[in-house]
Amino acid sequence: MNTPEIFVGIDISKKRLDVAVTPGDHTFASPNNEDGIQKLVKRLKNLKPQIILLEATGGYEFFLVAALREAQLPACFINPKLVRNFARSAGIAAKTDRLDAKVLALFASRMRPQPRPLPDAQQQELQHLMTRRRQLLDMVQMEKNRLDPAPFPRVRQSIQHNIASLQAQLADLHREIDDFFQQNPLWVELEETLSNQKGVGHLTVLSLAAYLPELGRLNHK
């Protein structure tokens, strides 16, 4: 008999990694720390899964991703919206960490997303820098939205002071992002390649470098 293909879903939280394995509907949890991740990776290598499916969590996945990458396990991220739509179509309404992991494993087994290169440490840092940039831009816009309807000078002064502070932080962050970007020769080469394309500016290249780890590593198919 042929050995069944194994698919794994991992729901990531601050302190815990909930893992589901299909077929078999098996679930377990592992601490989201160095020791727990090392044991989990060893267990996953023994399972020899076809796909390990993850959802990005805005930071809590950093060390797990690094370990999966180093172990060369077939892991990939999925858009959470796709998983929610899949869960609804499968009639799964409840939401717990363990159930989320089971949905991820089920999605992997049925949809077979293509594993792609996981971001390395530099790329993850660039992602977080770009995320912080977006957060600061959002905060500036929210304060600007509060400024026009503010009827009293003291309130307006407070808002204007906060806008100036946020814009100063944003300017500092832009310099940090550019300095960090220039330290990676591959990113510099990417910008040189794309700069001749109409409509592709520096910010676009930053986003591509941050969020597409597979860029430049895929074949023509």
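The model is predicted.

**Helices H6 and H7**

Two packed helices are described by the angle between their axes and the distance between the axes. Helix H6 spans residues 153-182, and helix H7 spans residues 185-194. They pack at an angle of about 100 degrees. Their axes lie 6 Å apart. Angles of 65 to 115 degrees count as roughly perpendicular, so H6 is roughly perpendicular to H7. On the H6 side, the contact involves Phe-180, Phe-181 and Gln-182. These meet Trp-187, Val-188 and Glu-191 in H7. By class, the contact has four nonpolar residues, one polar and one charged.

**Salt bridges**

The count comes to six salt bridges.

| Salt bridge | N to O distance |
|---|---|
| Asp-18 with Arg-16 | 3.1 Å |
| Arg-146 with Glu-143 | 2.4 Å |
| Arg-175 with Asp-172 | 2.2 Å |

Asp-18 is buried, with a relative accessible area of 3%.

Arg-146 and Glu-143 sit in helix H5, residues 121-147. Being three residues apart, they are separated by about one helical turn. Glu-143 is buried, with a relative accessible area of 9%. Arg-146 is partly exposed, at 43%.

Helix H6 returns in the Arg-175 and Asp-172 pair: both residues lie there, three residues apart, about one turn of the helix. Arg-175 is partly exposed at 48% relative accessibility. Asp-172 is partly exposed, with a relative accessible area of 37%.

Technical notes
Residues are numbered from 1 along each chain as its sequence is written. This is a predicted model: local features need pLDDT of at least 70, side-chain atom pairs count only at pLDDT 80 or more; totals for chains, interfaces and linings use all residues. Side-chain values use heavy atoms; hydrogens and water are left out. Axes are lines fitted to C-alpha atoms, for helices over the stretch in contact, and angles run from 0 to 180 degrees between N-to-C directions. Helices (H or I, at least four residues) and strands (E, at least two) are DSSP runs, numbered from the N terminus. Angles under 35 degrees count as roughly parallel, over 145 as roughly antiparallel, 65 to 115 as roughly perpendicular and the rest as oblique. Contact means heavy atoms within 4.5 Å. Ala, Val, Leu, Ile, Met, Phe, Trp, Tyr, Cys and Pro count as nonpolar, Asp, Glu, Lys and Arg as charged, and the others, Gly among them, as polar. A salt bridge is a side-chain nitrogen of Lys or Arg within 4 Å of a carboxyl oxygen of Asp or Glu. Buried means under 20% relative accessible area, exposed over 50%, partly exposed in between (1.4 Å probe, protein chains only).
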